[in-house]
Amino acid sequence: MTDRSPAQIVDLLKSRLLFVTGKGGVGKTAFSIATGLYSAEQGRKTIIVEVDNFHPSANEIFNVAVDYSPKEVRPNLYCCNITWKNALSDWLYSTVKVKSVVRLIEKNKVAMLFLDATPGAREIVILSKIIDLLNHFEQVIVDLPASGHALGILRVPETAQSLMKAGPVFDKATQILSVFKSQFTALAVVALPEHMVVNESLEFTEKIQQQVPSINKVGMVLNRMTIPSLTEHELSLLKHLNQGAVDKTVRQLVEAGLWEAELEAGTQSAIDRLESEFESVFSFPRFGALGGFDGGAERVVEQMFAHIKRQLNGMVA
């Protein structure tokens, strides 16, 4: 089992540049926002970045209209949605530097179609904007798309640098990789205690190690963990009742208890597998089991934020 010392977990979550991804539906966006809330409360100027999201999730959580320009949604906490066209415009102005030339390029439909179709251009431009945000914020938390798409984004700088030997794209790729390699950059992979999700998460991290070796700080977040509640005696009793003839009400209670036992076993199996692979594993309970979904996504984020605060404050105390 690898070391899960508090310092390693705190180091991961407090990374200046924290990429967050995971299979769709695992809660990566809620985790990103909750981590941002914690960072902002600690006094760090923090931004949560969504990537080309047609419906930014922060809109619902903070009840504001999030767009390309950073918007303050809480004290010390900002959100933005990095869109391709806006990021391209910024990139052109920083690369060409002559405004009149940039305006001509932007008005030229052929040139814009070429840039839009150039392999890797979108990813390099968006990552460049993310790196630029480090000049203005103490922590940048990037809510990447689901893991498959996230891998496609993160591996482009490695590919671009290997294919090109000079030019603005090569220079940007080199700059991005230098940030990836730094000790203040990390990747958090959010998973659920389900066999298939754990398998896909482990496969994804293997691909990251192979295709994006510049990111060497990778940690796992286990969401919706079932907290152990059944004793061995209670589990034995449930199994015994399940084999006998009982009325309908008792049968429903027995089945519910066995289902809970299965969830607990699944959680323990996931923890064992992940702890054998990762130095940093941070877990969240199933908040919904305690009525956590009554307030929708905003309520879940609040509970995740409170959990992060309890855990990290206890670790660094």
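Predicted model: local features only at pLDDT ≥ 70, side-chain atom pairs only at ≥ 80, totals over all residues.
A disulfide would need the pair of sulfur atoms within 2.5 Å. Is Cys80 buried or exposed? Cys80 has a relative accessible area of 2%, so it is buried.

A disulfide is a covalent bond between the sulfur atoms of two cysteines. How many disulfides does the whole structure hold? The search finds zero.

Now move to Ser15. Look for Ser15 in the loop that runs between helix 1 (6-13) and strand 1 (17-22). Its relative accessibility is 2%, so Ser15 counts as buried. Which residues does Ser15 touch, leaving aside those up to four places away in sequence? Select Gln139, Phe184, Ala186 and Lys217 to see these contacts.

Finally, show the whole protein chain. Colour by secondary structure to pick out its 14 helices and eight strands. The protein chain has 317 residues, and 46% of them are buried. Turn to the contacts between residues at least 6 apart in sequence: 75% of them join residues at least 24 apart. Last, display the surface. The protein chain exposes about 15900 Å², with carbon and sulfur atoms supplying 55% of that area.

Definitions and conventions:
Residues numbered from 1 in each chain as written. Heavy atoms only, no water. Helix = DSSP H or I, 4+ residues; strand = E, 2+ residues; numbered from the N terminus. Buried < 20%, exposed > 50% of the residue type's maximum accessible area, 1.4 Å probe, protein only. Contact = heavy atoms within 4.5 Å. Areas by Shrake-Rupley, 256 points an atom, 1.4 Å probe, with all protein chains shown as cover.
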